[in-house]
Amino acid sequence: MDWLQTLWFILIAVLWTGFLFLEGFDFGVGMRVLFGRHSETERRVLLNTIGPVWDGNEVWLITAGGAMFAAFPMWYASLISTLYVPVVLVLLGLIFRAVGVEYRGKGSGDRWRRAWDVAIGIGSAVAAFGVGALLALTTTGLPIDANGDPVGGAFAFLTPWAVVGGLAVVGFSCAHAAAFVGLKADGQVRTRAARFASVWAPLCLVPLAVWVTALQVRSGDVVGWVVTVVAVGCALAGWLAARAGREGFAFVGFGGFVVAGVGAVFWAAYPVVLPSTIDGAFDLTVANASSSSYTLGVMSVVALFGVPLVLAYQAWSYWVFRKRIAPAHIPEAREVGGPGAPALTGRP
């Protein structure tokens with residue numbers, strides 16, 4: 001087995017973990033916009049907590065998918081073709097959420113805003129559920145044959161593990177977003193988020209804990225179990241911090257839970273990248289699903305220079321927009337373009 005294959009498996013795991021950590025609170029905030037009991041100003045506060053960063057966080061998804069395509073084309077092809085329906089739903093969810101965030105403040109009227117609230121909330125929930133199902137199934141198995149082709153039709157992916165994975169990311173996103181909003185917002189928005197995290201966070205994190213534990217029972221080792229215990233400890237610490245009103249520690253705790261949890265999942269899965277539920281001989285591994293050593297080498301050189309720049313830029317953007325947002329910071333809607341023109345807010 002080429003060491004570059006293992007390196008890129010680790011890098012892809014890091015990319016997916018980074019996506020869940022950063023995009024998780026974006027999804028959760030989107031769901032809070034629709035399902036939370038907030039005034040119009042408070043919804044705008046919620047959207048402005050993620051306004052400067054949400055589109056940058058989506059880059060992690062594109063990068064993770066691109067890395068899978070380039071480093072392990074067989075893994076990418078078999079996974080996407082088998083999960084064609086949920087992948088399309090994820091893309092539609094991301095599109096509707098993005099359009100909703102951009103268009104919500106470009107018109108006036110409660111009906112206009114409520115329609116885009118629905119697009120943001122449902123789009124966030126569908127995308128989060130679909131990504132969770134995809135990641136769960138790539139670690140628990142799909143019906144693929146010796147050629148890596150899907151067997152069983154377009155809905156063969158509908159298994160209990162798909163549901164567990166979907167609920168895992170949706171639940172984590174809700175808890176993580178509550179801690180994030182507690183860090184970034186003020187007023188009643190902050191109070192409601194803190195109350196949600198202190199009461200509902202344990203229930204939200206259960207599906208992810210079930211997924212991680214099941215993988216360890218099936219194929220884990222001592223290291224995997226140690227990382228799993230660390231994940232549970234982080235979740236407990238985050239919940240206790242939320243109950244104590246320490247939003248920063250709660251955010252770090254919930255973030256540590258997903259980092260350690262996803263790390264334990266990929267550790268237990270290695271070296272298999274996509275198990276076959278038909279026959280273990282058909283499993284895709286880092287050895288039989290990867291590109292050539294030359295391709296992986298070129299990718300490694302590009303990543304060596306590109307990844308630090310992206311990380312530095314994203315860290316800088318979070319630092320620049322680090323201050324809290326309160327209802328007092330949200331300007332009133334104003335008419336732009338003369339009488340009869342839509343009321344533009346300038347912000348979501």
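A residue is called buried when its relative accessible area is under 20%. The buried residues of α2 are E42, R43, R44, V45, L46, L47, N48, T49 and I50.

Which elements cover these residues of α2? The covering elements include α1 (3-35), α3 (54-57), α6 (84-103), α7 (110-140), α8 and α9.

## The nonpolar core

The largest nonpolar core comprises 97 residues, and W16, W75 and W211 have the most contacts inside it. Helix α1 gives the most to this core, with 15 residues.

The surroundings of W75 can be listed in detail. Apart from neighbours within four places in sequence, W75 is in contact with I12, M68, T138, F266, V273, L274, L284 and A289.

The largest pocket has a volume of about 410 Å³. Among the 15 residues lining this pocket, L15, T63, A303, G306 and V307 are the closest to its centre. Helices α1, α4 (59-71) and α12 (293-320) each supply at least two residues of the lining, and α12 gives the most, with 7 residues. By class, the lining of the largest pocket holds 13 nonpolar residues, 2 polar residues and no charged residues.

The second largest pocket contains about 350 Å³ of space. Of the 16 residues that line the second largest pocket, those closest to its centre are W16, L61, G65, V87 and L91. Two or more lining residues come from each of α4, α5 (73-82), α6 and α7; the largest share, 5 residues, belongs to α6. The lining of the second largest pocket consists of 14 nonpolar, 1 polar and 1 charged residues.

## Cavities

How many cavities of 30 Å³ or more are there? The count is 4, and the largest cavity has a volume of about 40 Å³. The residues A178, A179, A194, A197, A242, G245, E247 and A250 line the largest cavity. Helices α8 (160-184), α9 (188-219) and α11 (247-269) each give two or more residues to this lining. The lining of the largest cavity divides into 6 nonpolar residues, 1 polar residue and 1 charged residue.

## Confidence in the model

The average pLDDT of the chain is 90, and 95% of the residues score at least 70. Over residues 336-346, however, the pLDDT is below 50, although this stretch has 24 contacts in the model beyond near neighbours in sequence. Where pLDDT is low, the predicted coordinates should not be read in detail.

Conventions: Residues numbered from 1 in each chain as written. Predicted model: local features only at pLDDT ≥ 70, side-chain atom pairs only at ≥ 80, totals over all residues. Heavy atoms only, no water. 1 Å grid on protein atoms, 1.4 Å probe; cavity = no way out; pocket = protein on both sides within 12 Å on 5 of 7 lines; lining within 4 Å. Points joined across faces, edges and corners; volume = space filled by probe spheres on them. Helix = DSSP H or I, 4+ residues; strand = E, 2+ residues; numbered from the N terminus. Nonpolar A, V, L, I, M, F, W, Y, C, P; charged D, E, K, R; others polar. Buried < 20%, exposed > 50% of the residue type's maximum accessible area, 1.4 Å probe, protein only. Contact = heavy atoms within 4.5 Å. Core = buried A, V, L, I, M, F, W, Y, C linked by side-chain atoms within 4.5 Å. pLDDT = per-residue confidence, 0-100.
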